[in-house]
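I'll jot down what I look up as I go.

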Amino acid sequence: MQRAGRRILTGIVAAAGAVLICIAAWHIWLAPTKVLIINAREGQQADMALNNDTRAVKLSFLNDYTQIPSLKEYDAVIMLRRGAFLGENDIAELEMAASRGATVFINSPEGQEFDINSRLPKEVFENLSGYFGNPCRENYRNGFRYLRRVATPNRKGGRSCQPPTVFPSDLFFHREYGKYFTDSEELTAYLKEKGLYNEGGARIVYIPGRLFPVEGNRPHVDTLISILTGRGFNVYPLTALGKKREAMVRAVHPDAVIYTPMGRLGGDGFIQWLHSQNILIFNPFPLLQSHSEWMDPTVPVTGGTLTARVVIPEIDGGLAPMCIATQKESDEGYSYYTAEVGRIDALADHISSCLALRSKPNSEKKVALCYFKSPGKDALLASGMEVAPSIYNFLLRLRDEGYDVSGLPSGSDAFARMLRREGSVMGSYAAGAQAEFLKNAHPVWISKQQYEKWASEALLPQKYAEITELYGEAPGGLLARGDSIAVACLKFGNILLFPQPRPALGEDSFKLVHGAAVAPPHSYVAPYLYVRKGFKADAIIHFGTHGSLEFTPGKNAGLSPADWPEALIGSLPHFYFYTTGNVGEAVIAKRRTHAALVTYLTPPFVENGLRSRYTALLDDIHKALGEEGGSALGTRIKEETLRLGLHRDLGLDSTAGRPYSRQDLEKLDSFIEELADEKITGAYYTMGRPYSQSELLATTLAVAADPLAYEMARRDRDAGRISTGQLQDFDYLRHHYLPSARRRITALLADPPKDTALVAPELRPALECFNGLLASTRNEFDAMVKALEGGTIAPAPGGDPVLKPNVLPTGRNMYGVNAEATPSERAWEDGARLADKTLEEYLALHGEYPRKVSYTFWAGEFISTEGATIAQAFRMLGVEPLRDKQGHVVDLRLIPASELGRPRINVAVQVSGQLRDIAASRLMLLTEAIKMASEAPEEGFPNFVASGTRLQEKLLLDEGLSPQRARKLSVMRIFGPLNSGYGSGMLDFVENSWSWDDENQIAEGYLNNMGAAYGDEEEWAGFEKGLFAAALSETDAIVQPRQSNTWGPVSLDHVYEFTGGLSNAVRHLTGKEPEAYMADYRNRNNRRMQNLREAVAVETRATLLNPVFISERMKGGEGSAQMFGEMFRNVFGWNATRPSALDGQLFDDLYKTYILDENGLGIREFFDRTNPAAYQAMTAVMLESARKGYWKASPEQLGKVAELHAAVTAENGPACTEFVCGNAKLERFISEHLEGGSRTLYDKAMNSMRNASGSDAREVVLKEKGGRSPESRNGFAAYAGIVGAALTALLVILLLILRRKREE
Amino acid sequence: MQLLFTLIAILLIFSFVLKGALMPRKSWVALVALAALALWFAFPWLTSQPSSAVTGVFSDRKILADVSAAVVTEAILMILFCFLRAGERSAWTLWVPEILAIPSLCLLPVLTLYALPGVDFTLFRIGAAIASIIVTAGGILLVKALSRSESEPLEALFLVNIFILLLTVAAAGAFTF
């Protein structure tokens, strides 16, 4: 027994030993070599995995190089640096792996710089560089086998390999894999030999990227080459870098270049050469998204892809940023590029159309020109432009260039009348006006059959279904008769002019629900289809800033046919006259409608004439500050200040007889100086008509005087004549240097020299600006004419010329900014300073820090300032951006509380759709900063970010969210328009003021429409009920950026839309109105924070109430007149959202200026002559404001305004803008304040317009169906059973108790 | 209604503790550990439930009917157990199931969680598990210390379950009528 037991034990031990030996042997000799590849692209991963032909090597992939895990289990680690930023921890982990004996290799052009690589033997380093620096199938296969040999030298099998293949660079190639050519002649010969050469065909150089000749995954490359060759082009694909690439392109001298890799095509010199040779640059790109993600409009293109594929190529003047490939998953789970053949076809069509413009005679070319107009009789619209005469001048230029423009009237007035008659835009509430238009005008009629045929050719079936679902079958309810749709248009020879219709019609707000994209109606789609299929235009121009096509629903970039802008514009060469002052929205047009922009000038700046009005008061104030004059002077100053109403703007005391303190006097001085120097623009710009001499001078002064003053002061500071403090005090500069700077520039421009070298260096910018302005007008039409002939448009930055003089001359294709490099260092300095200043001002006012500051981010400001407002938000949180060597912001640092020296302030952000599209990665970075700040300890100062996060979580719990979800969303603070839209949808809602009675309705609509979260990828564009409201809780202050001198809070509606809307929403939620500031970036040397009320006061005094401004604008035409109407509407908007922003006397002042015409400017006559509709709108706004209680008008005032409104209506017919025609309550109010004959005439006019059956339509508050439905469970027990069971049990128990008692 | 059922939940925990006091050490320790483990594993699911789902339970008749049925069933089982145990002290009788204590142990932390925004979920989870151990094990030890024989906890168990039964019937009546 014992022996048997011993034998068994021995057997077990022996078996165990054998097993152990086998395991050891396996690990030493046979186990697979484990290789980790970090940072390979998905397509590359697929290539690697599928070319690893030995089981002896096991590959793993890590995409996120910022989260390098423990590398203990790996025998080899290959890092493909490919632009990755390696932090200290990442390098430490790699080094630890290397010191444990793993083979670690970083593949990078700077490979030698990494210490890790220097640990490798020279031969190993060179071989690995060869294998992974020349990625191709053979090198992957051999490289992994080589790694088995060097990383696990003892292990057997899978070790045989060939040396690396260093494939040639700087070569041409074509579809045949493995075939290379050293120069273009060799390739040409090959193409001829293969029958692929097209005699007389245009030459296209195609640069897909360095690796594509040898990469296994290149279906989109091959497909593009094939399709272009089939279209008659000769394609020269090449791979090369730097100067060699440039030389190869020059040698081919193509007609166009297609460039798809990331980044710029070449240096500035090469790009200039390309444009000088009229070589078009196209920038399609492959997308790292699946086909379904690409087709999903809510999945944006962001981060490095957006920057490198779309934004950076714009700097080169690149065109057509179209997606030509997506990714597909193989059965093995790897991602491949897959060609989007439809898109490649569309790209080929587009290139063909662009190049065809070169050969087609101008006399045969058909050009469609789309202009913009508000409904009714109001003016044609374009930012800062008199549209009708501008279009007329352009048509004259086209005629000079040989285009067929027959039938063009001989004068621009007649032309404008034709436009108004034939090219109108209708609101669906004006059925009578519509009927009149269809009767008297000459639209093009498209039958339903024809329209549906075109739609089936141009639109995906599901896109067309979206229209019919919302608006019913064609022809729809607007501009329709019988079975036909009318397209309002005019034709002059081969030139078609048409107004862009309304992009949405909201008859039933409940149809437009959250989550559903708002497709455009038939009346919007029909003109675009007609242009492409009926008229068969060779090119389309959108005339002026801006229309709505680029804001129809869809992706932000790399659009698919599922996106409306792409669906409607098709492959047409598309050009867009765009104001240089609005780069933020311009880039949207470039990316979403592949528009080539041609910038035009802003209206000229003019002297505002206010200095003379305030001279006496200013002199008195200076004397008082110099301690002269005594109390009598103080009293005089007080009286004059009260008389002018300046005390109301600054919140100063109004007690007569009590002189102001020194502090108050300094405040007054600063305010009046600002008023006197406020830059205002004059009459709208007419394209084709250069600035006058006085306009040139005034604009040059506006652009160049401040920087010159600063430069002069800086030289004095360097010479020790003034201090740095004085240099940084803009009031000091204004007093001591600005007048002298202005004199010097005026003297220079009295007789400007031709050669800037003859001028003092500090004056050269002024002369360059002057010359730039002079050249601009001619340049604008030259550029468009050249573009219509298939030529290039030179790229340039965009923005306000005062802020960025290098936008001049205009007539160029403007580009934005590299979001990855924002906030730039300068922006960080500015933003941090302004954030601190905001806190200083708030603290001075309230004695404590704000808990939360809510920001508005806009694209224009983001681009112009390179992210300064985002920097403000970072600074509030106490987080600092960190940059890599290229200047990209790649990481964040929490500023310690001791360094910050104050509490961390919570932030919330609302963004425009435009900003969301161009800076998505910055928004995600900001969310990371919020998370970081939330987790920071208090350390001596309160952490309002952390407490705010907890509060937000609590509010979400109260909303009924689960603890997990509430926790996740508690750090979401960034919000924007629903449905990936672009605006809040509230402008029309506010201005359709009959539809709401309580400003809280505006707030609720705003919270709904702007409630989509844009903080991280997972929740991108998601909507959670109550989240935006929770994020805005505790808001104590709000900030609105401004960076342009061409608009202000009263002249631009979006300011009240965003800032007023936000303020109203906060008041609705918290019961308290927040402090409001403007972050003012308009002056490069004086970036500052300004109280909103003050900013509004400056603008109203300098413009709306300034006789000089009014006179200047009255030199313009209908566009300038329309602007007044817009400003009045904005005043209404402020009253509805934040009345404290306005002076309570404002309407009385407007009454005196525009109704009584106290300045004797001939107000009524001007509007009668140029644009009566605008005057109707202005009086309607005043009356509606009275009806709503915003203006406490006397009966006399009301009667006067009503009579005036009625008289203009009777003379000109109802204008049918939103305030005039859509508002039955206002019509009744007006009617009640009229007497006798006036009332009768007015009522008759309004009735005939409306025709009683018109429906009220408006862009509506998108209704959100939100909230999460509670979990439901199945129940299956009936109550009767419970009661029965309970009673039975009770009875049994009672019996048992009794029985037991008896037994005892 | 929420208050009533919260009270019932507390009584179910009492019942669990009283029954545990009747068990040998290894058995009640195993039960306490099981209860704590159940709470631990249920925690992620609990945090993903919106408060409306929890409070909805107390306003949904069907769900309340189910809950009442389950509570009544278990109360009856416990009452029967008391009689059984009074007559026969075999070990197998101790394994009459009593499981509603576990959801009762989960309810209280969940309600607390909704009132504590910002608390670390992991810490809370650990705390809740420890608290359940302290409450149940502590309760059992306390009952054992206070009882001279098995009769007292048995009688108390009987009375608690009678009370649970009556409360449940009353609650069912309230939400029905």
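How many Å separate the centres of domain 4 and domain 6 of chain A, taken over C-alpha atoms? I got 33 Å. The bounds come from an automatic or database domain assignment, which puts domain 4 at 613–657 + 668–680 and domain 6 at 1106–1254.

Housekeeping: this is a predicted model, where local features need pLDDT of at least 70, side-chain atom pairs count only at pLDDT 80 or more, and totals for chains, interfaces and linings use all residues. Residues are numbered from 1 along each chain as its sequence is written, with chains lettered from A and ligands numbered from 1 in the order in which they are written.

Confidence next. Chain A averages a pLDDT (the predictor's confidence in each residue, from 0 to 100) of 88, and 92% of its residues score at least 70. I noted that residues 507–516 of chain A fall below 50.

Then I checked the nonpolar cores, meaning buried Ala, Val, Leu, Ile, Met, Phe, Trp, Tyr and Cys residues joined through C-beta atoms within 7 Å. Buried means 20 or more other C-beta atoms within 10 Å of a residue's own, with C-beta atoms placed from the backbone. The largest core has 389 residues, and Val257(A) and Leu369(A) have the most contacts inside it. A contact needs C-beta atoms, placed from the backbone, within 7 Å. Apart from that core lies another of 31 residues, including Leu36(A) and Cys161(A).

Leu369(A) got its own look: beyond four places in sequence, its contacts include Ile391(A), Ile541(A) and Phe543(A).

Technical notes:
Contact = placed C-beta atoms within 7 Å. Buried ≥ 20, exposed ≤ 12 C-beta atoms within 10 Å, placed from the backbone.
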